[in-house]
Amino acid sequence: MILYSFPSSPFGCKVKAVILACGLEKAVEIKEFHPWLPDAEFRLLNPLGKIPVLQIEDDTIFDSPVICEYLMEKSGMLEKLMPDRIKSLKIQALVDGIADAAVAIRYELFFRPEHLRCMDWHERQQLALVSGLEYLDKSNLSTDVRFDNLCVAMLLSYLEIRFADAGFENTFKNLYEWYYGFMKKHPFLEASKAKDYPIPSGITRLEK
Ligand SMILES: N[C@@H](CCC(=O)N[C@@H](CS)C(=O)NCC(=O)O)C(=O)O
């Protein structure tokens, strides 16, 4: 199997954490690919042009929730990692929504020149991001290797690199205390954390 991802992608990190938790690291080759590079071939794998994508023998699988479920099922780890399926899926939905808002903010700031930015839109994304973190801060998360915990930990690893100045660790103290403890307890997950990686050249900015 081949996973197309990018080192800073929160969705890709979630899948990488699942690969590690399922012991599938030898079965999945990781190809780092930036989704904003013009590449018609990549759209054949995912018509949406988004990462992560998992290429299996006779098909491609997207998006990240479907890939995670496929990998957990394939490795026989689904029930162990999702002991309470609805709770896990709900936390994943929340985490993915926070990641969508965070990535939208990042794209707005990185890809668009200042005069084309929309502050109302930015504030709406910021509200989703902060409200989502507030919800997680009040959640009683366990420290077991479970799918919902992997989702939360990998989201926070993304925020650490892309929102380093936001001071979230001071605002959401319970959540970050949980995160540091969780990562300390399960150091094998360090490998799947988001990495600040140079954006390749050749990406078109949103200037029109
Ligand atoms: N719902 C998707 C979201 C994936 C996503 O938004 N990926 C971003 C990178 S972090 C991407 O590929 N963006 C390219 C684009 O928006 O065109 C998933 O869970 O896989």
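How many residue pairs are in polar contact between domain 1 and domain 2? I looked that up before anything else, keeping in mind that this is a predicted model. The count came to 9 residue pairs, with both partners at pLDDT 80 or more.

**Who supplies the domain 1 side**

I then checked which elements give two or more residues to the side of domain 1 that touches domain 2, and got helix 1 (10-21) and helix 3 (64-74). Helix 1 gives the largest share of that side, with 9 residues. Sorted by class, the side of domain 1 facing the contact has 14 nonpolar, 3 polar and 3 charged residues.

**Where the domains sit**

I went back to the bounds. The domain assignment puts domain 1 at 2-78 and domain 2 at 80-192. For the contact, I noted 20 residues from domain 1 and 24 residues from domain 2. The C-alpha centres of the two domains are 19 Å apart.

**Salt bridges**

I also looked for salt bridges across the interface of domain 1 and domain 2, and the rule finds 2. Separately, I wrote down a side-chain pair: Arg85 and Glu69 form a salt bridge, with N to O at 2.3 Å.

Note on methods:
Residues numbered from 1 in each chain as written. Predicted model: local features only at pLDDT ≥ 70, side-chain atom pairs only at ≥ 80, totals over all residues. Heavy atoms only, no water. Domains from an automatic or database assignment. Contact = heavy atoms within 4.5 Å. Salt bridge = Lys/Arg side-chain N within 4 Å of Asp/Glu carboxyl O. Polar contact = N/O pair within 3.5 Å; in protein donor to acceptor, adjacent residues only side chain to side chain. Helix = DSSP H or I, 4+ residues; strand = E, 2+ residues; numbered from the N terminus. Nonpolar A, V, L, I, M, F, W, Y, C, P; charged D, E, K, R; others polar.
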